[in-house]
Structure formats: structure tokens, C-alpha cells
Amino acid sequence: MSELSQLSPQPLWDIFARICAIPHPSFHEEALAQDIMAWANEKGIHAERDQVGNILLRKPAKPGMEDRKPVVLQAHLDMVPQKNNDTVHDFTKDPIQPYVDGEWVKARGTTLGADNGIGMASALAVLADEGVAHGPLEVLLTMTEETGMDGAFGLQPNWLQGEILINTDSEEEGEIYMGCAGGIDFTTTLTLQREALASGYSVLKLAIKGLKGGHSGADIHHGLGNANKLLARFLFEHAAALGLRVLDLNGGTLRNAIPREAFATLAVPAVNVDALKSLVSEYQATLQNELSAKEKKLVVQLEESESSALALDKASQERLLALLNATPNGVIRMSDAVPGVVETSLNLGVVTMSADEVVVNCLIRSLIDSGKDDVVGILTALGQLAGATTAPKGGYPGWQPDPHSPVMQLVRETYHSLFGKTPNIQVIHAGLECGLFKKPYPDMDMVSIGPTITGPHSPDEQVHIGSVGLYWQLLTALLKAIPAKA
């Protein structure tokens, strides 16, 4: 943590180091929430929580700024827990270990939690820093954003007093976000039948490893490999010819993270082991040729294994491999209304196999409801063809862009006056909570800003130190520039 204490601005980095020291993956944010409540009490800052655990902190305006429009700074409490395969880390018990690497802050073998820990730290730093000028101020910290936006769904009307909300969950300095995609989870469950195999089989484990992974919204258009899709592609193409029998198949860990690894335990006729090894080697070369610009550490690995599991019967195996291979993934359509932005996408995030079923979890995102509905229909049809049951659930709305937003105009003007250039006004293909906030607070004017974070939702996550300083300058100048109430 001493490395972070040398960085500027303070106390933002000190607060971020404190956040890193307290485990807070989704569904395990309570220790961090309690620490923040205690911190607020120590500083004499009003703090309360609602029925779903969201935290609301309030601080009066600085003298002479009481007439300004009240502002809400907003971040979420949880982080995405992803680690490298060779990293020993329990996200519910072990602290994140951040370190400085040149111009970046990274974590040792895990996600850093800069998404949304830096935004959270900046909001708390505003409360802690008596030198920051602001009008009536609230800080809203929401629960379990990364796995379903539970806190935003549970936010009640008439709790917040602010007229303007500044969301801090954006990940590119110099860009202002005024809209975002909505999303919906989709689960396909296929019942499996198993059978014993005759003698003469060898058991091998096939792995797709070394992929970058990343955010299933912000990174979906970058052409990254999806381990579940790459594994299914190989098995669908070669299982019948080689007589492969699937004993187990699992891949990915989160529906909103592009899967970095996938594994299949296979029974292979002994006479076909050499042929399988040869095809695996060819597949590695094929994928390196296709993905070399993006996935420089991709590995297709085959090694001896053991398993007492029965094999999927041929009908179950054929349905499963056809389903996985046919499921779309990645960009479905680019937006016509917002050039250069993904309109609709799908991430085949997690495949989990048990003895009698396999569950496939996907996340659909779209700027428009009809785009979500279209992909729900596609996955439903594929499930019907495969004889599976399907269930869309947890849908959340997008944030409709308002090109006439006064706070967006103010952010643009403030940015230009600070840095002498015009920021990009963007719509992001990721889920921000602003769309859900619009239901209980339809008249609240909203904008989203943040520093530069790359590789979110993956162990490659890092935050650019210089961009944090620029973001802090913008945030504090913006609070000072908030106009008086009409």
C-alpha cells in the first residue's frame, strides 16, 4: 500500500488502498460497507442505508454555495473477482494487492477493482477533502452492481435529494457518457443422460487457456477470444470422427466477463490418441493465426487425466456440442443511431456441467429493447432445437441519451476550460446504473465520467495514474461550477 500513498491526488489513492484491503466481490460487500459507515461516523458525515444495503452519505454545502443545485456522486461497492489460474487468492478473505507499474496501477494476479473502486474512492475523497468546493452533496454507493444491479433495482424514490447525478463508473478519461446499453441474463439448461463406456479408452483433458478475457460490454468489439466458443468449435468439428466422449465440460466464471479458460475431460479411443494430439496442435496453430493480434498468450493444451464420471450418451453429447457451437457470441449489430458503438451483443459467459445437466449462462446487451428481444428469441429457438429449457431473467433498461442534458453540457465546457480540448460525448455498450435510477428519479439530470481503466473484469485490469489526476481535476472543478437552483 505504501506505493499508492506516494501517488497524487490524495486522499483518493489512500482511500482506494483502504478499499483494496477489504474483500468486496459481489455478494460480499458488507465488510466494506460497514467500514465506510464507520469512516463516515468518525468524520461526522451523515450516513444511512436503505432496505437493500445501499449507502447514502450527505454533506452540507460549503459556505456561500448553499443555493447550488444538489449533486449526487454515485459508485458501486462491489468488484468483479477474476484471477489467473496460477494465482492463489480467496476474494472473500484476501485483500487485493495493488502495485505501481510505470504509469499504471495493477494488481498481483487478480482483478484490481478500479472498476468501480476508483470512482468510489473519488466520491469519498470529495467528502474528506475540506478544500473541495461544492454545493449540497450526496454520495450514493450501491450494492451488487456487477451481478445484477441489485442496489439500483432496489433504490426507492424520495430518498435522494439531488437534482444532478454524476456516475463515476466510466473507464476512459476524456470521454463523457450520456447513455448506456440495457441488458438481460439468459440461461439455457440441457438435461444429460450418461452411460458407461467399454474398455479401450484413454482419458485426456483439453483446455483453452491464456486468453485475455475482459468486460463483456466495453471489450466485446475488440475481437477477443471466447474460451467457451473456441472449445465448442473444436469438439463439434472432431468429436464424431475421433469417437470422443465428453465426461465433463466447464468454462468461464462470470456471465459479464469474456471467458478466458474452458476445459473438457474426454474419453478417447486409445487408437485415436495420436490423431487427437495432432489435431490439437493444428488447432493451436489455427487460432494463433486467427487471433495473434489480440491473443498472444493463447494455449490449446491436451494432457493425460483421470475421471470416474460416466460419459454423456451420444444424443446428449450431440445436442450439447451443437448448441454451444451454434450459440452466437460477440457483436450482433452495430448502432446506426450512434456510429462506432455496438448496438447489440451477446457473451456466452459460463458453461457449468453437473452429473445430469449442463447450464449455459449468457448476457445480452443492447441499446434498444428490440435488440435484446431479438437475441432472446434466437437463444430461445436454439434451446427448443436442442431440447433444452430456457429462461431470460434480470432484464434492466438502458439509459436513453439526452443530447440536451444541462449537466452534460457543463461537463463538456468544464473539460474544455481545464484542458483546452473538447471531450468525446459517448454512449457506452455496457450497463451503467443510470437507466435504473431514471425510474424512481425520472427528472434527475445524469452524466458519467471516470479515469482510464483497461482490462476490467480480467486479471489484466489496470488504471492509468495520470488519468486519475485529470479525472479528479474535472470532478472537483465540475462540483465548483454547478449552477444555482432555478
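Asp101 counts as partly exposed because its relative accessibility is 33%, where partly exposed lies between buried (under 20% relative accessible area) and exposed (over 50%), with a 1.4 Å probe and protein chains only. This is a predicted model, in which local features need pLDDT of at least 70 and side-chain atom pairs count only at pLDDT 80 or more, while totals for chains, interfaces and linings use all residues. Residues are numbered from 1 along each chain as its sequence is written, and side-chain values use heavy atoms, with hydrogens and water left out.

**Salt bridges**

- Asp101 is joined to Lys106 by a salt bridge, with 2.8 Å between the closest N and O atoms; a salt bridge is a side-chain nitrogen of Lys or Arg within 4 Å of a carboxyl oxygen of Asp or Glu.
- Lys106 also counts as partly exposed, because its relative accessibility is 22%.
- Salt bridges with shared partners bring Glu48, Arg58 and Glu138 together in one network.
- By this rule, the protein has 13 salt bridges.

- A salt bridge of 3.2 Å, N to O, connects the side chains of Glu130 and Lys59, and here the partners are 71 residues apart, with Glu130 in the loop between helix 4 (114-128) and strand 6 (137-142) and Lys59 in strand 2 (residues 55-59).
- Glu130 has 55% relative accessibility and so counts as exposed, whereas Lys59 has 11% and so counts as buried.

**Glu173, a buried residue without a salt bridge**

- Glu173 sits in the loop that runs between strand 7 (164-167) and strand 8 (175-180), and although Glu173 is buried, this residue has no salt bridge.
- Leaving aside residues up to four places away in sequence, Glu173 touches Tyr415, Gly450, Pro451, Thr452, Ser467 and Leu470, where contact means heavy atoms within 4.5 Å.

**The protein as a whole**

- The protein contains 12 helices and 25 strands, which are DSSP runs numbered from the N terminus (helices H or I, at least four residues; strands E, at least two).
- Of the 486 residues in the protein, 57% are buried.
- Along the principal axes, the C-alpha atoms fill a box of roughly 85 × 45 × 45 Å.
- Among contacts with a separation of 6 or more, 79% are between residues 24 or more positions apart.

Notes. Lys, Arg positive; Asp, Glu negative; His and termini not counted.
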